[in-house]
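Please look over the model shown here before reading on.

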Amino acid sequence: MGNKVEKVLFVGLGGIGQRHLRNLKQMKGDCVQVYAFRKRNAQFVLNNKLEIIENEELNTKYGIICVNSLEDAFQKGVDTVFICNPTSMHMEVLAKAIKAGCNVFIEKPIAPNLEGIEEIERLLSENGNTVFVGYQNRFHPCIVKAKTLIERQEIGNILSVNAEIGECVKNWHKYEDYRTMYACRKDLGGGVVVTQIHELDYLYYLFGAPKTVYAIGGKLSDLEIDVEDVVNILMGYEIGERYIPVNVHEDYIQVPARRKCRIVGTKGKMEFDLLSSVFNLYNESGNVTYSETFEFERNNMFLQEMQEFISCIEEKRNTFISFNEGKKSLEMAMAVKESMKTGKPVEFEKFINN
């Protein structure tokens, strides 16, 4: 394993893959040679708003060298791999990249289920690769502020949490039919639970793992898809000496979109909106003691995670969004799916240890 990012392989160059490519080029310029292993090999070029830029061709714009296989790329001395293909294909690429000695940026979720996770952990323990999971919302200023205030016990002991993510999946990508997207296809590892896993990740980041998980949902809308599109999740958390409710709502339906969180404590509450970047803190009397609308571009989160990934490689240090962090949120998602299937609460520790 090296500590440089010089020869980079992209596996998948759709919306998120091209975003990472743009940001990598912005940071490293011509210091990186880009290779790509792709199935569709579409040549449209996207901007940060996921709009197609007319009269530009992807390979030409970024000087991409296409390879016919992963093995071909590894033979060319690739040192870093970006896994941005459909979720169902992540594990195979990740295992091969680790064995080849590459450092890896893998998009969330790390996999569609828990199969093969132990093998990846074994490979990582033997090889020591840097693996960074793409949970860019951990860099959102509202999440950063919430983490700081919770650690300072600004609102006292936590009593309840409500998180929500709802947005119309038809509006995600202007360049493709929603029915063909991995997020909407069971065979590619889609579904709202794993695709919108960011909320589970930041709840794990803020509070750790739950004790129990109960979920109701499924394919409830009129969308032409074969995966669940609405789910409500109730998790039981032990925080301090209290057993508290943490609620999460996810859907592929809402217009306009919503992405909010409310955390209630014994000394007040905090509320934040991840779309408008508004954060409000209230005291026991209901008065606003802190309010801020953060001025930042959404792409800033992706730039920050890219910088963190590169720095971890070059400085040979651990990242705080490691493969193990990705595993924890995936375990939470799988517990949600298990509860949806059985109609019963799931004891989290027992579930992941079976």
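How many bridges join strand 6 to strand 7, and do these strands run parallel or antiparallel? In this predicted model, strand 6 (residues 80-83) and strand 7 are joined by four bridges and run parallel. Within this pairing, V81 stands opposite V104 of strand 7.

Strand 5 pairs with strand 2 (residues 33-37) in the parallel sense over two bridges, and A36 has C66 in strand 5 as its bridge partner.

| Strand pair | Bridges | Facing residues |
|---|---|---|
| Strand 2 and strand 5 | two bridges | A36 and C66 |
| Strand 6 and strand 7 | four bridges | V81 and V104 |

Strand 7 covers residues 103-107, and because five of its five residues are buried, the strand is largely enclosed by the rest of the structure. In a regular strand the side chains alternate between the two faces of the sheet. Along strand 7, N103, F105 and E107 point one way, while V104 and I106 point the other way, and all of them are buried.

On the way into strand 7, the chain forms a right-handed β-α-β unit made of strand 6, helix 4 (residues 90-99) and strand 7.

**Helix packing**

The helices of these two units, helix 4 and helix 5, pack with their axes 10 Å apart at an angle of about 15 degrees, which means that helix 4 is roughly parallel to helix 5. Their crossing is left-handed.

Helix 5 also meets helix 10 (residues 323-342), the two axes coming within 11 Å and crossing at roughly 170 degrees, which means that helix 5 is roughly antiparallel to helix 10. As helix 5 passes helix 10, the crossing is left-handed.

**Helix 1**

Helix 1 (residues 15-28) has 14 residues and spans 20 Å from its first C-alpha to its last, close to the 20 Å expected at 1.5 Å a residue. Because 10 of its 14 residues are buried, helix 1 is largely enclosed by the rest of the structure. Among the buried residues are the glycines G15 and G17, and also R19, R22 and K25. The residue that follows helix 1 is G29, which has a positive phi, near 55 degrees.

**A glycine in strand 10**

Is G217 buried, partly exposed or exposed? G217 lies in strand 10 (residues 212-218), and its relative accessibility is 30%, so G217 counts as partly exposed. G217 and H249 are 32 residues apart in sequence, with 9.8 Å between their C-alpha atoms in space.

Methods: Residues numbered from 1 in each chain as written. Predicted model: local features only at pLDDT ≥ 70, side-chain atom pairs only at ≥ 80, totals over all residues. Heavy atoms only, no water. Buried < 20%, exposed > 50% of the residue type's maximum accessible area, 1.4 Å probe, protein only. Pairing = 2+ DSSP bridges. Right-handed = clockwise from strand over helix to strand, strands pointing away. Expected span 1.5 Å × (residues − 1). Axes fitted to C-alpha atoms, helices over the stretch in contact; angles between N-to-C directions. Parallel < 35°, antiparallel > 145°, perpendicular 65-115°, else oblique. Left-handed = near helix turned anticlockwise from the far one by under 90°.
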